[in-house]
Amino acid sequence: MSANNLAAANCAAIEKPNNKAHAAAPASIPVIDYEGSGYRQDFWEGQGRDYEDAVERIALQRLLPAQGGRIAEIGAGFGRLADLYLGYDQIVLFDYSRTMLADAVRKWGHDNRFVFVAGNLYQMPLAEGTLDSLVMVRVMHHLADVPAALNQLQPLLHQRSAAVLEYANKRNLKAVLRWLTRQQPWSPFDPAPLEFVAMNFDFHPGWMAAQLKNAGLHVEKRIGASHFRLPALKNNIPANLLARLDSRLFRIGGKFPLAPSVFVRAAAPDAAEQPQPEANTGDASPALLFRCPACATHPLVAAGPEQLQCPTCTRQFGQTDRIWDFKLPA
Ligand SMILES: C[S@@+](CC[C@H](N)C(=O)[O-])C[C@H]1O[C@@H](n2cnc3c(N)ncnc32)[C@H](O)[C@@H]1O
């Protein structure tokens, strides 16, 4: 199925009940490939985005419990935000790109609390109920099948977990003004996801709220962020000051999302009761933390010091240079 068709299917899924498909989603869902990309150097370092980085940090500090057992960032890239997770006993950085993770290993690999995992979030290798906190920032933007993704993420939570999810807002002020003045053909009020460039999607807040609900995620808080993404402001006001000013609009921006970026904190009231296994106990072995991304079997069995095997489909998954590799085909 093409990304466009998937976006249409996303839209059709608005009113569908959550089918809690915990097994892996079909491998045919397209995934953006950051393998070998210069995302850190080309998008962040010296690229005039200190303000966006600072705002996202304040948003996470507001929404995310500062401490806990196990946290995972899904689509963590090179670990830009990982210093915000240092209050946790175990920190999982999960990404589809092995090279981005290798970059993260260079920065964080000395700290044994970090677990680096290569995988596809549509074929989730983390076991159910394993996370106290889940973060996903600047990733929804690349998801052609949001309902399938959320159905993979929700089961990772337990009843006391917090998930902080960010998405790009289609109904932002600039898009509304451009549409009203006929400078843009598409309506920001149309609920369907907008694929404005291949594998880059903006979402309507109402549509996203429906997907979260369908996936069994209860939104406790929503904030609007990055209201001031304008060169005239970014070039003239120090990034940290602009970010602090922006944070004053978080609440109202959550009620009436007109900012280009929206963060939600969601809970999973129907998820597993307890974290399993606890991050700070000796039980947190990789065999328990992971499941088979192909057939969802859990637990896996140790097949060597850095090798796990699925007892059902016999696929093997190994760890090399600190990175567990769960990308399929294994
Ligand atoms: C724009 S980057 C954001 C990285 C990081 N969250 C940040 O804000 O710096 C998007 C990341 O999502 C990852 N990603 C996209 N689709 C994915 C998928 N299906 N499974 C796992 N990771 C995925 C990409 O590999 C990439 O590293």
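A: Let us begin with a definition: helices (H or I, at least four residues) and strands (E, at least two) are DSSP runs, numbered from the N terminus. This is a predicted model, where local features need pLDDT of at least 70, side-chain atom pairs count only at pLDDT 80 or more, and totals for chains, interfaces and linings use all residues. Residues are numbered from 1 along each chain as its sequence is written.

Q: Thanks! Where is aspartate 321 found?

A: Aspartate 321 sits in the loop between strand E12 (316-320) and E13. Arginine 322 also lies in the loop between E12 and E13.

Q: What should I notice about phi in these two residues?

A: Most residues other than glycine have a negative phi. Here, phi of aspartate 321 is near 50°, a positive value in a residue other than glycine. For arginine 322, phi is positive too, near 80°.

Q: Is aspartate 321 buried or exposed?

A: A count of neighbours decides: a residue is buried if 20 or more other C-beta atoms lie within 10 Å of its own, exposed if 12 or fewer, and partly exposed in between, with C-beta atoms placed from the backbone. Aspartate 321 counts as exposed because it has 10 C-beta neighbours inside 10 Å. Arginine 322, with 18 other C-beta atoms within 10 Å, is partly exposed.

Q: And leucine 126, is that buried or exposed?

A: Leucine 126 has 27 C-beta neighbours inside 10 Å, so it counts as buried. You will find leucine 126 in the loop between strand E3 (114-118) and strand E4 (131-136).

Q: Which residues does leucine 126 touch?

A: A contact means that two C-beta atoms, placed from the backbone, lie within 7 Å. Not counting residues up to four places away in sequence, leucine 126 touches Ala72, Val92, Leu156, Leu289 and Phe290. The C-alpha atoms of leucine 126 and arginine 291 are separated by 5.7 Å, although the two are 165 residues apart along the chain.

Q: How do helices H5 and H7 pack?

A: Axes are lines fitted to C-alpha atoms, for helices over the stretch in contact, and angles run from 0 to 180 degrees between N-to-C directions. Helix H5 (residues 146-153) packs with helix H7 (residues 205-214) at an angle of about 40°, and their axes are 9 Å apart. That makes H5 oblique to H7 (angles under 35 degrees count as roughly parallel, over 145 as roughly antiparallel, 65 to 115 as roughly perpendicular and the rest as oblique). Val146, Pro147 and Leu150 of H5 make the contact with Gln211, Leu212 and Asn214 of H7.

Q: How many residues of H5 are buried?

A: Eight of the eight residues of H5 are buried, so the helix is largely enclosed by the rest of the structure.

Q: Which residues meet where H3 and H9 pack?

A: Helix H3 (residues 50-63) and helix H9 (residues 239-247) have axes 8 Å apart, at an angle of about 45°. H3 and H9 are therefore oblique to each other. Asp50, Tyr51, Ala54, Val55 and Ile58 in H3 meet residues of H9, among them Ala239, Asn240 and Leu242.
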